[in-house]
Structure formats: structure tokens, C-alpha cells
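Morning, everyone. Please have the sequence and the structure up on your screens. I'll keep this short.

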Amino acid sequence: MDQRQIKQRAISIAIPAIFLIAACAIWEATVRLAGTPVYILPPPSKILAEILNQNLSLLRHTGVTMLESVLGFLAANCLAFALAVLFAHSRVLEKGLYPYAIALKTTPIVAIAPLLVLWFGTDMLSKIVAAGLISFFPVLVNATKGLRSVDEEALDLFRSLAASNWQIFRLLRLPNSLPYLFSALKISTSLSVVGAIVGEFVGANKGLGYLILISSYHLETPAVFAAIVAAAIGGILFFTVVSLVERMMLSWQEPSEV
Amino acid sequence: MELTVQVNNLIKVYGKVQAVDDISLAINKGEFVSIVGPSGCGKTTLLKIIGGLVKPTSGEVLLDGLPPAGRRREGYLGFVFQNPVLLPWRTLEQNVKLPLEILHHNGLYKERITKVLEMLGLSGFERAFPKQLSGGMQQRAALARVLLYEPSLLLMDEPFGAVDEITRSRLNFELLRIWEDFRSTILFVTHDLDEAILLSDRVVVLSRRPARIVQVLTVELPRPRSLDTLNLSAFHDLVRWTRDRLNNAPSV
């Protein structure tokens, strides 16, 4: 049983790895055979060399972007959850604020980013706010839904025991909302990285967004790709951490798909 | 006789729909009373009003002399629903202990929980999550949850309506056995006449909506009842007689 699980785990890692290697090989061959200039599309070998060459500075830029993402993510999701708790307990509040939440959600972060930089400066704060703004809504929407969508009969069960509102919240609504909450948190991880990078595009002197912008000005395309790879890896790590926390807290259910 | 449940001239109207029409009912302490009636006739509404989960439009309910709202806090009431209503994130044992947490009785019931789980054939499954249990076991867990805190009045709303025939029959006999032990008062809603007559001291037959009492039938079959009870001709006579009453129930 255990050995079979290990084998399956190995296969589930090996198959995508083989596909990645194959894709890179095809990419490498195509670019070289077609003689595509490096500044248009560098081959994977050049990108890898760039990553190794830059290592410390790339790591530093990635660190900045990830820090902005994580801080924005944490602050926004705490706020979003608190607001969801209010929404779940007050229809009036929800009715009054929800349309504006949606309006803010549909406003593209790219459109707001210049304002954020204007208000919060070119340092990290404006990126944290951008990351927070974009990762705020999935949690608000899902947590509200999760807190609300408790089984009517379960509510009757609690009421038949004269449970207080606090008991209903703690023992029923909160645990009921966790699966909804975590599927939103997982979506928010990648969104917050997007927010931070967009913020850096507008005005920054460090971070992956800054690196991408500067490198593309100078047609240093391998550096652009190196930054993209770093952003992707950072996002995946972030997602993985949240998934692990989810698996620990929701061990009673099957892991949910995003 | 001591009256546990007293229902006086109960009326419930939802908007323009009348669900319950002038029902009065008195149930003695330790009695097993079933309520039968056509589906959608307002049986569940009646049960919820008695349990204080739904407010009546007029009329009153007294449980040992007090309105339901005053009784719930004491763990006086135990509901069993058609679905087991187990919380999926809690293990079986945690689910069974939930009412103790809500009523702040925690810690007092260590021995009792073992006994209750054993009685319902749930020993060894304490750490299982609900989704790992069969439908019958889930319903047993719901029963264990309510028996653990010994409510004086059990309100059961088609508790075995969602399990298969065989499991249902077994659960019926288990319920009888347990009731003979605990002797709490039980109000049992069902649409199954065999079940109602097998279990009850009295059967209240309701009309189509709005629910009105058509007949109150006293079941004088000997106790303890068993599989043999199902073979008695008196049992079949009662079922037939009640079915006629139910079918001839005047509709409005």
C-alpha cells in the first residue's frame, strides 16, 4: 500500500517533468534552427544561464515582490474575512456595501495602480496595497457564502439547544466556511503576485516588475524571461504553502480543486 | 397522569397558506406518540412549533408547564431530523458530544458516551468522520447525539425516512429498546403507518393541509414489541383501520 503510494507520487512528478523537458527541448531546437534573435525569443539554455548568472540579484528582486504579495494577501484577507462576517450577520450591510465591492472588483487593477503609487509612494506600500486590492474579493465573496450556506436543519439543531449566536458562529458557521475560504485563498495567492508586479510596473526601483520593465527597455529578453520564471516559481510556492495549510486544517475532506 | 406536552388551539398561517388549523393535544410523560398524515400536511411545522423552532400564529405550547423557549436552554428538548445533520468536520464522537458543548455540560458524560455508543452499535467508530459511515450508522449517530444528554422530550421528524427498508426496520426496534430503557416522552412524525403503530402508544392522524386532527388512535398492542408484533392480526387490523381514516380524511 505504502509502496504503491510512493510509486504513484513518483509517477505524478515524473510525467509533468518529462513533458517540461520535452517542451524545452523542442523550444531550444526550434529557436536555434530558425535562427530567432535572442532579444525576440531566447532559448531555454540562455534563460537558465541568465538565472544562474543573476542569482543573488534575481533572488533579491523576487524576495521583494513576494514580500509585497504576501503582506498584501494577509492584510487584505484578514479584512475581507472580517467584512464577510459582518455581511453574513447583516443583510443591510451586505446590501449596502456589496454593489460597491463588486464595482471595485471589476475596476482593473492596472487602472488604479498609478493612483496607488501617487498616494502611497514608489516604495513597497503601494505594491502591498495593489496586491491586497486584487486578492481581497475572492475571499470576501467565498467567505460570505461559506458563512451563510449552513444547513437549515443544522441551524435548527443548534436552536433546539438554545445555542447562542457566538456558538453558532464558532461551532457551525466558521468551520462550514473554511472549504470556501481556502479555495478563495488559493486563487488569491496568484492574484496577489499579479497585483504586486503591476504596482512595480508603474513606479518602483526594485522587484520583479521593475526588473521586467527595465530589462525589456534594454532588450535584455533573457532577463525578462528569468524574472517571469522567478515570478512563476514564487507564485507556485505561495500556492503550495496555502494548500498545505488547507490540507492540515481540512483533513476531514478531500482536497478541493481550484 | 403527568402532562409533558400540552398544545392548545394551535394555528399557523404562512402568508395566505394555513398550515396548522386549531390543533389541541396532550401527551403524558413517558408516552410514545406518533403523528401521521399525508405528505406536506404540516406535520413538520407542528413538530417545530412544539419544539419552539417556529412561532405559532396563535395558540400555545406548554412543556411541563413552560413555553418551549424556556425549556430549550435546559437540554429538555431533543430533535432528530430526517437527515442525520452530522457536522462533516467532526468525528462521530465529537458530533455526538456537540449538544454537551452547546449546553456547557462538557466532561460530565464520559461513561455515558461509551454506554450510548455501545447501545447503538457505534463502538469502535468514535474517530470516523461522517462521510466514512453508512446512512444507517449516520442516523444512529444522530440518535446517540440526542440520547447522550437525556432530553425529557424527543421530537423526531421522520428520522428513518432516508434509510433503506431493512435498516429502517432495525432502527425501529433499536429505538423501541432504547425508549424502554430511557422512558423519555417521544413525539414521532412519520408517513408510514406500520412504523407508527408498531412504535406508539397513541397515533394522531392528521388531515390534508391545513393539518387538523382527524383521529387519535390508542394502540393497545402488548409491550415490549418485537418482530412478532408485526404478525399479530390486531396489528394489521389497526393499520387497515388507520389507513381508512387517513384516506377518508376530509380535505379542505
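Housekeeping first. This is a predicted model: local features need pLDDT of at least 70, side-chain atom pairs count only at pLDDT 80 or more, and totals for chains, interfaces and linings use all residues. Residues are numbered from 1 along each chain as its sequence is written, and chains are lettered from A and ligands numbered from 1 in the order in which they are written.

Confidence. pLDDT is the predictor's confidence in each residue, from 0 to 100. Chain A averages 92, and 98% of its residues score at least 70. Helices (H or I, at least four residues) and strands (E, at least two) are DSSP runs, numbered from the N terminus.

Now look at chain A. Helix H2 (residues 44–89) and helix H5 (residues 124–148) of chain A cross at roughly 35°, their axes coming within 6 Å. Axes are lines fitted to C-alpha atoms, for helices over the stretch in contact, and angles run from 0 to 180 degrees between N-to-C directions.

On to chain B. Two strands pair if DSSP finds at least two bridges between them. One open sheet has 3 strands in the order E2-E1-E4, with antiparallel pairing. Strand E2 (17–28) and strand E4 (58–63) are at the edges with a single partner strand each, so one side of each has no neighbour in the sheet. Strand E1 (residues 3–14) of chain B pairs with E4(B) over 5 bridges. Find Gln6(B): it stands opposite Leu62(B) in E4(B). Helix H1 (residues 43–50) of chain B lies across E1, E2 and E4 of chain B, at about 125° to E1(B).

Another open sheet has 6 strands, ordered E5-E6-E7-E3-E8-E9 in chain B, and its pairing is mixed. Strand E8 (residues 202–206) of chain B runs antiparallel to E9(B), joined by 5 bridges. Val203(B) has Leu217(B) as its bridge partner in E9(B).

Last, the two chains together. How many residues of chain B are in contact with chain A? There are 18, and they meet 16 residues of chain A. Contact means C-beta atoms, placed from the backbone, within 7 Å. Strand E5 (77–80) and helix H3 (92–102) of chain B each give two or more residues to that side of chain B. H3(B) gives the largest share, 3 residues.

Key:
Two residues are in contact if their C-beta atoms, placed from the backbone, lie within 7 Å.
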